[in-house]
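User: Got a model open here and want to go through a few spots with you. Can we start?

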Amino acid sequence: MHDMFKILWISTIAGLATTLGSLLVLLFGRPQERVLASLLAGAGGIMLAVVTIDLLPNAWQSGPPSQVGAGFALGLIFMFLAAKRLKVPNNTLPLSRRQRLKRTGLLIATGIALHDIPEGMAIAVSQEAAPGLGLLIAMAITLHNLPEGMATTAPLKMAQLRWWKILLLNIAIAFFTPLGALLGLLALENVQHSLAFFLALAAGAMTFLVFAELIPLSRERHPNYALLGGTIGFIFFALISTLLPA
């Protein structure tokens, strides 16, 4: 666990991208849809490359197939349950527009905080598997977290919530990523021969994130820029990964 400080540092930076996204909306308003589409799809392309080029191959080499399969399935299930928190439930009460916007923003914040935990775990276990891989995953998560901070802030700003409350909320969300990294390190340290399981867990979580959230959300905003961003993201990681020291 010689990389513990580095892992916590890069996971904190990745988490604080949520706060940066919030600040950008508070200062300049919501960015253009094509910019959001490119960021979301770019993060998706990088994450998909991470899963197929590094996480799953390393998991197969590190442990038995049953461990890899169980970890991947659990990662999918965990992210599915976390993503459910992002859904705005139907409500027949006559809420005002401001109340609906506030509820939407808080639900999004809850969901983001929940799935920031496995993202932090992905950084930790990947860095332990291959030095430098955690940093690349943190870069993808940073791209992903920027639009998440924007998504949290926009409805809360429209609901006329005080700016400092919105900012504090996004700062609090940011620290769920290093919390996940710390949990990942503790799990690796205390569960013997668990690297394959946790690599597959991270792969499952990221696969769900790509196909259930990043790709659909980016295509909704701008299909052409989504395709461009996803392709560039995948190729970028593939090229960088070939230069990564073993």
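User: Where is glutamate 33?
Analyst: Keep in mind that this is a predicted model. Glutamate 33 sits in helix α2, which covers residues 33-62.

User: Is glutamate 33 buried, exposed or partly exposed?
Analyst: Partly exposed, because its relative accessibility is 33%. The range for that class lies between 20% and 50%.

User: How far is glutamate 33 from arginine 221 in space, C-alpha to C-alpha?
Analyst: The distance is 5.3 Å. In sequence, glutamate 33 and arginine 221 are 188 residues apart.

User: New topic. How many aromatic pairs does the structure hold?
Analyst: Two. In one of them, phenylalanine 80 and phenylalanine 208 have ring centres 6.4 Å apart. Their planes are at 85 degrees, so this pair is edge-to-face.

User: Why edge-to-face?
Analyst: Because the angle between the planes is 85 degrees, and the edge-to-face class takes anything over 60.

User: Which helices does that pair link?
Analyst: Phenylalanine 80 belongs to helix α3 (residues 65-84), and phenylalanine 208 to helix α8 (residues 195-221). The pair links distant parts of the chain, 128 residues apart.

User: And phenylalanine 208, buried or exposed?
Analyst: Phenylalanine 208 is buried, at 16% relative accessibility. Phenylalanine 80 is partly exposed, at 45%.

User: What about the pair of phenylalanine 197 and phenylalanine 198?
Analyst: That pair is edge-to-face, with 5.2 Å from centre to centre and 85 degrees between the planes. Phenylalanine 198 is buried, at 10% relative accessibility.

User: Switching to the surface. Which residues form the nonpolar patch?
Analyst: Phe5, Trp9, Ile13, Leu16, Trp163, Trp164, Leu168, Ile171 and Phe175. Together they have about 990 Å² of accessible area.

User: Which elements give two or more residues to the patch?
Analyst: Helices α1 (4-28) and α6 (163-174) do.

User: Take tryptophan 163. Buried or exposed?
Analyst: Exposed, at 56% relative accessibility. Tryptophan 163 is in helix α6.

User: Last one. Where does alanine 154 lie?
Analyst: In helix α5, residues 133-158. Alanine 154 is buried, with a relative accessible area of 12%.

User: Which residues does alanine 154 touch?
Analyst: Val25 and Arg30, leaving out residues up to four places away in sequence.

User: How far apart are the C-alpha atoms of alanine 154 and lysine 102?
Analyst: They are separated by 9.8 Å. Along the chain, alanine 154 and lysine 102 are 52 residues apart.

Key:
Residues are numbered from 1 along each chain as its sequence is written. This is a predicted model: local features need pLDDT of at least 70, side-chain atom pairs count only at pLDDT 80 or more; totals for chains, interfaces and linings use all residues. Side-chain values use heavy atoms; hydrogens and water are left out. Helices (H or I, at least four residues) and strands (E, at least two) are DSSP runs, numbered from the N terminus. Buried means under 20% relative accessible area, exposed over 50%, partly exposed in between (1.4 Å probe, protein chains only). Contact means heavy atoms within 4.5 Å. Rings of Phe, Tyr and Trp (its six-membered ring) pair if their centres lie within 6.5 Å; planes under 30 degrees apart count as stacked, over 60 as edge-to-face and the rest as tilted. Patches are made of residues with over 30% relative accessible area and no salt bridge: like charges are joined within 9 Å, nonpolar side chains (Val, Leu, Ile, Met, Phe, Trp, Tyr) within 5 Å. Accessible areas come from the Shrake-Rupley method with a 1.4 Å probe; for residues, only the protein chains shown count as cover. A salt bridge is a side-chain nitrogen of Lys or Arg within 4 Å of a carboxyl oxygen of Asp or Glu.
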